[in-house]
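Please open the structure in a viewer and keep the selection tool at hand.

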Amino acid sequence: MLINAIRWSPSEGIDLGILTIHYYSLMFLIAFGLGWYIMKAIYTREGIALEKLDSLFIYTVLATLIGARLGHVLFYDWDYFQDHLLEIFLPVKFEPEFQFTGFRGLASHGAAIGIITAMYLYRKRVLDKPVLWILDRIVIPVASGGIFVRIGNFMNSEIIGIPTEGDYGVIFQNLGESFPRHPAQLYESFCYLLIFLLLYYLYWKTNKRFKIGYIFGLFLVLLWTVRFFVEFVKEAQVEERATWLLNTGQWLSIPFIIAGLYFMYRPQAKPQNTTE
């Protein structure tokens, strides 16, 4: 008898009659909305004109969605999309028959690359600050966003964990299963909450924000280390790579961790300021 297992069979979203708000989309809206308020507080503290925040929001949203989509296509499913190029940015499938699918398939590694690239462009065109200065601050709302994205994955019963081989876990009934799996999405979400709280504390309560690149580097190390270890209890997203020593997500995480260590401990000039 599965005493401790949770049976999970959620609906697709909130039914409003004329439309359904999908939980995954709702989690993205919450993530971006909360991120905007966090950056508003940061820009206010730094004395930066809030009209520059609107541009930052647009850059971040586009970079996240485009980067995450391209990341999924290139890192996880190129064998399919190389013959279905239009489906990369269209919410439909053309084969075996036309079907509206919505945008499914987003990769966090691609989103990270997209956001880093976008912050470089944002710095060149909008805000005259070092790109690492911007990244030190933008990763705080990015970490909070990761909390809700993984909750959205859980609601969708996707990026599932491996079977627990015991009574503990979550039974994803809408996948037609009767055995418990690790709730890997919730593991990640909880860890991202801790990362967010730590970064938030370092920015608001310590002088670490004056060490250019430190908060960004710490974010890279913590987030991708979490991702690396949680992958051990996830099902492989690409079945053909299930026998690899490390899976795709783990191999992609290692360069981010190394880069994070570099930004945390690289030699640099004396902090710009040490007082409020």
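**First stop: H4 and H8**

H4 and H8 are roughly parallel to each other (angles under 35 degrees count as roughly parallel, over 145 as roughly antiparallel, 65 to 115 as roughly perpendicular and the rest as oblique). Select helix H4 (residues 108-125) and helix H8 (residues 248-265): their axes come within 10 Å and cross at roughly 30°. Axes are lines fitted to C-alpha atoms, for helices over the stretch in contact, with angles from 0 to 180 degrees between N-to-C directions. Helices (H or I, at least four residues) and strands (E, at least two) are DSSP runs numbered from the N terminus.

Next, display the side of H4 that carries His109, Ala112 and Ile113; these meet Gly249, Leu252, Ser253 and Phe256 in H8. Contact here means heavy atoms within 4.5 Å. The contact of H4 with H8 comprises four nonpolar, three polar and no charged residues; Ala, Val, Leu, Ile, Met, Phe, Trp, Tyr, Cys and Pro count as nonpolar, Asp, Glu, Lys and Arg as charged, and the others, Gly among them, as polar.

**The model as a whole**

This is a predicted model, in which local features need pLDDT of at least 70 and side-chain atom pairs count only at pLDDT 80 or more, while totals for chains, interfaces and linings use all residues. Residues are numbered from 1 along each chain as its sequence is written, and side-chain values use heavy atoms, with hydrogens and water left out.

Zoom out to the protein chain, which has eight helices and six strands. Of its 276 residues, 47% count as buried (under 20% relative accessible area, with exposed over 50% and partly exposed in between; 1.4 Å probe, protein chains only).

**Second stop: H5 and H7**

Select helix H5 (residues 131-155) and helix H7 (residues 214-230), whose axes come within 7 Å and cross at roughly 30°. H5 is therefore roughly parallel to H7. By class, the contact of H5 with H7 has nine nonpolar, no polar and three charged residues.

Centre on Met39 in helix H1 (residues 23-46). Met39 is buried, at a relative accessible area of 3%. Beyond neighbours within four places in sequence, Met39 is in contact with Leu53, Leu56, Arg137, Ile138 and Pro141.

From there, move to Arg137, whose side chain meets that of Glu46 in a salt bridge (3.0 Å, N to O). A salt bridge requires a side-chain nitrogen of Lys or Arg within 4 Å of a carboxyl oxygen of Asp or Glu. This pair links Arg137 in helix H5 to Glu46 in helix H1, 91 residues apart. Arg137 is buried, with a relative accessible area of 2%, whereas Glu46 is partly exposed at 26%.

Which residue forms a salt bridge with Lys234? Select Glu188: the closest N and O atoms of the pair are 2.5 Å apart. Lys234 lies in the loop between H7 and H8 and Glu188 in helix H6, 46 residues apart. Both Lys234 and Glu188 are buried. To finish, show Arg150, Glu188, Arg227, Glu231 and Lys234 together, as they are linked in a network of salt bridges.
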